Amino acid sequence: MVTVSISLPDELRAFVDERVSSERYSSSSEYVCDLIRRDRVRVHLRKAALEGMRSGESGDMDAAFFERLRSRAVR
C-alpha cells in the first residue's frame, strides 16, 4: 500500500472528520478510499452509458438493463 498525503482547508477537514465519526468509517483514509472507489464506479457507468448511446442499438431501459450495466461497470 502507498501513502498519499493531501492538504485540506479547515472546513473540508472538519467535514471529513464529521463523516468519519457519523458513518461506518474507521479513519479519514478509509473515507477517502471509499470516495475514490465510488468515483471509479461512476466513471465506468458513465463510460458504459456513453458507449451504449453511441452504439446505435436500442432496447428497453428497465431495471434489468441498469443491473446489467452496473455489473459490467464493476468488472
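**Note on helix H2 and its packing**

1. Helix H2 covers residues 28-55, 28 residues in total, and spans 41 Å from first C-alpha to last, close to the 40 Å expected at 1.5 Å a residue. The expected span is 1.5 Å times one less than the number of residues. Helices here are DSSP runs (H or I, at least four residues), numbered from the N terminus.

2. This is a predicted model: local features need pLDDT of at least 70, side-chain atom pairs count only at pLDDT 80 or more, and totals for chains, interfaces and linings use all residues. Residues are numbered from 1 along each chain as its sequence is written, and side-chain values use heavy atoms, with hydrogens and water left out.

3. Tyr31, Asp34 and Ala48 are the buried residues of H2 (buried: under 20% relative accessible area; exposed: over 50%; partly exposed: in between; 1.4 Å probe, protein chains only). They pack against helix H1 (10-22) and helix H3 (63-74).

4. H2 and H3 pack at about 120 degrees, axes 9 Å apart. That makes H2 oblique to H3. Angles under 35 degrees count as roughly parallel, over 145 as roughly antiparallel, 65 to 115 as roughly perpendicular and the rest as oblique. Axes are lines fitted to C-alpha atoms over the stretch in contact, and angles run from 0 to 180 degrees between N-to-C directions.

5. On the H2 side, Val41, His44, Leu45, Ala48, Ala49 and Glu51 meet Leu69, Arg70, Arg72 and Ala73 of H3 (contact: heavy atoms within 4.5 Å).

6. Valine 43 sits in H2. Valine 43 is partly exposed, at 42% relative accessible area. Just after H2, glycine 56 adopts a positive phi of about 85 degrees.

Notes: Helices (H or I, at least four residues) and strands (E, at least two) are DSSP runs, numbered from the N terminus.
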